[in-house]
Amino acid sequence: MITGCGVVTAAGNDLSSFWGALLSGTCFIGPLKHFSAPGIEPILGAEVELDARDGLPAEVDTDARRSRAGQLALAASRRALSDAALRHSAEELERTGLALGTTLGEERQVGDLSERWAGSGPSSVDPGFYLRSDNHHLASLVAAQCGLGGSVQLCAAACSSGNASMASAYDLISSGAADTMIAGGVDTLTRSIYCGFQRMGALSKGICRPFDRRRDGVSFGEGAGMVVLEELEQATRRGARIYAEVAGYGMSNDAHHVTAPDPSGDGFARAMTQALSSTGLSPASIDYVSAHGTGTQYNDAAEIRAMKTVFGECAKQVPMSSIKSMIGHTNGAASAIEAVACALALTRQAVPPTANLTEPDPDCDWDCVPGKGREARVERCLNLAAGFGGFNVCVVLTRFA
Amino acid sequence: MTPLPGGRPPIVISGVGVITALGDDLDALREALCSGRRAVVASADGAGEARIPDFDSARYATIRGMRMYNRTTRLGICATKLALVDAAMEADSCPSEELGVVTASTSGHLGTLIEYDRSLVAVGLQRTNPAWMPLAIPSAPGAMIALSFGAKAFSMTLSQGAASSLDALGLGMRLIESRRARACVVVGAFSPCPELSLAASRAGMFAPAGEFRVFDRRSRGTAFGEAAAAVVLERLDDCQHRGKTPMAVLRGYGSAFATRPSELSAALARAGRAALRMATLGSADIRLVSSGANGLPERDRSEARALVALLGDAAAQPPVVAAKASLGECVDASGLLQMLVALFALRSGAVPPIPALDEPDVPGLRYARPHMTVDDGHALATATSSTGACSALVLSARHAA
């Protein structure tokens, strides 16, 4: 069961403002204030503004303080724990773990090193780089600050990392290895990914327009999304508010290309089918699909084909949207933030929109909730994620009655 | 098929692949370790390290595009190839949709990321090679391994430093048990880039040349070791159905987190107890311990104290081996190597001694000495990371034949 949610996104860092901004279809993609990349103008994206309550405690060391990804992950985790009103004893914390996903983790230490290297060569390598370059330090920072003594994992599954972490946490609880897990993902705006997409021609020249005929690529964002997962019995015993049930998941690997998805959408369709069969649900019973919807020609086309394969004619009746159109593609955090959006859709009975969608792709002739969100009956959601290398993870979330 | 206690299906190892500085097959590694050979030699800067001499990936596998991949990824691909061949895992015995990959990789992408980011600074965006960026993210080594062998079930990467590959084995067990795939390659590879070695050296982590010792009162630091290891996991009935004799059964896995360095010992003991509980075994059932001690005095002390707490009375204790004393700290490959050392010891009865251990720092353990032997039975492998992750795995050779 999901009993707590936390986000830090360009659309807001508390659930009410985040959800309100999503439903209104506000696009937060614009000129970036705190991030630059050499040779790219204008530089657009969606940045997070942390507030005072998200500051790091005084005891956190200097290296950790320099980690933007660590700050975002910790802020979202704390918000999720606070939302879950978890008051675990020391013994219960030993059975509480963390599954944190990321595409790149904290890259700025590599950027700093490159800048210093240009002037100083090997003498620019400092002792702290050894620990900073280890992405597990992000999970370690969160777990140490939250006092977690269970399994603490760093899942690297490119842009499927958020869902992959949720799946791993779900399995750990289902198998009895943990009672409570915090799961989700984090990523910051990173020079290497931003520039890499630009060189591959996959970065939007303006703002991303998922499923639009004129879509021209990704707009990046930064952020983190975390959820608290626990078994029903424990959640009920402590009187927790239940947002949603993680009913099951599916995963697949395209094994097709380093960056491009399999254009047939076969791999993505296998993950969707496996997710649905793991829960015994039919495609027709799904009320909302949170699309991967990056706004690139290749991804959206493959996703559309996969949806048609799995949903057939039902596709036209199922609302599907991409909130990346508003908060940008937050890489490893994306599907975790989208899972929070699904949990809110289930509890607040509404679906978020796809912003910037004004001329739908003729191949995508179904309900992409263009412009603004709307009230809807939402009992079951399918949250889709795909990543570089072709790894796809789909999670089914259902309303808890 | 006889299920394990608790009704769990036995998950077995049906193939192994190793590439180390002491050989590239299990028999060669066994002979080298049992004769007390050490791979760690003095490096250019005076510290110890173990490098694989004359590694040529073309000797092991012919994979399109492999020359683009960094050394860690190529090592991982080659170890995977060896494991698949050893398991006689042909396409007709396991369809690609039923083959998954779990990769232990914390720093496998780092050299490529540094090189790519440095090129952005040095030559500018338009002259960078766009093919590098997708190879510069943490999931890249695993994604390339999955792509190389057409593994379409899943491609997950865990980044927990020296605990990564035991965690990857634990994840692989869960995924096979829950039928996410018919077979799963678990692979870990480590080949440090110069910047990582330099940072570790400046952090004072390396023992001076000739003074690398593990578990010893005079231990002054660790030494990096280059290596790759891979195993093929499948259900016992699937393995037997295709006429393959399994090599070992993975019976239990546990993990825990130390919120501060002083808790490392307690957290590792917790992980060990969880692994024994899952295996429905007691500490008295363990015939051999394959520890993750690496020469860093505090880490070794924590590991030793955890084992003392787990194993109790010295008289009945199993021998404790430490493969890193010979191979160096192989980080992402180390847990797999430790597990394989335990496997060959259980199968052959020969216990590899801990070289250069003269004065144990922590008494109360039966440290492996020359000519020790072990009865067939169950072994425990343990690992800790510099970021507080602790893992343990129980395997058995007795029930494999």
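**Notebook: chain B and its contact with chain A**

I began at the strands and found A:Ala156 opposite B:Thr157 in S5(B). S5(A) and S5(B), residues 154–158, pair in the antiparallel sense over 2 bridges; pairing needs at least two DSSP bridges between the strands. Helices (H or I, at least four residues) and strands (E, at least two) are DSSP runs, numbered from the N terminus.

I noted that this is a predicted model, in which local features need pLDDT of at least 70, side-chain atom pairs count only at pLDDT 80 or more, and totals for chains, interfaces and linings use all residues. Residues are numbered from 1 along each chain as its sequence is written, and chains are lettered from A in the order in which they are written.

I then looked up the contact (C-beta atoms, placed from the backbone, within 7 Å). Chain A gives 64 residues and chain B 63 residues. On the side of chain A that touches chain B, H9(A) supplies the largest share, 8 residues.

Next I checked helix H2 of chain B, residues 71–86. Its 16 residues should span 22 Å at 1.5 Å a residue, and the end C-alpha atoms are 22 Å apart, which agrees; the expected span is 1.5 Å times one less than the number of residues. In H2(B), 14 of 16 residues are buried, meaning that 20 or more other C-beta atoms, placed from the backbone, lie within 10 Å of a residue's own. B:Ala88, which follows H2(B), has a positive phi near 50°.

Last, I took chain B as a whole. I counted 11 helices and 14 strands. Of its 401 residues, 66% count as buried.

Methods. Contact = placed C-beta atoms within 7 Å. Buried ≥ 20, exposed ≤ 12 C-beta atoms within 10 Å, placed from the backbone.
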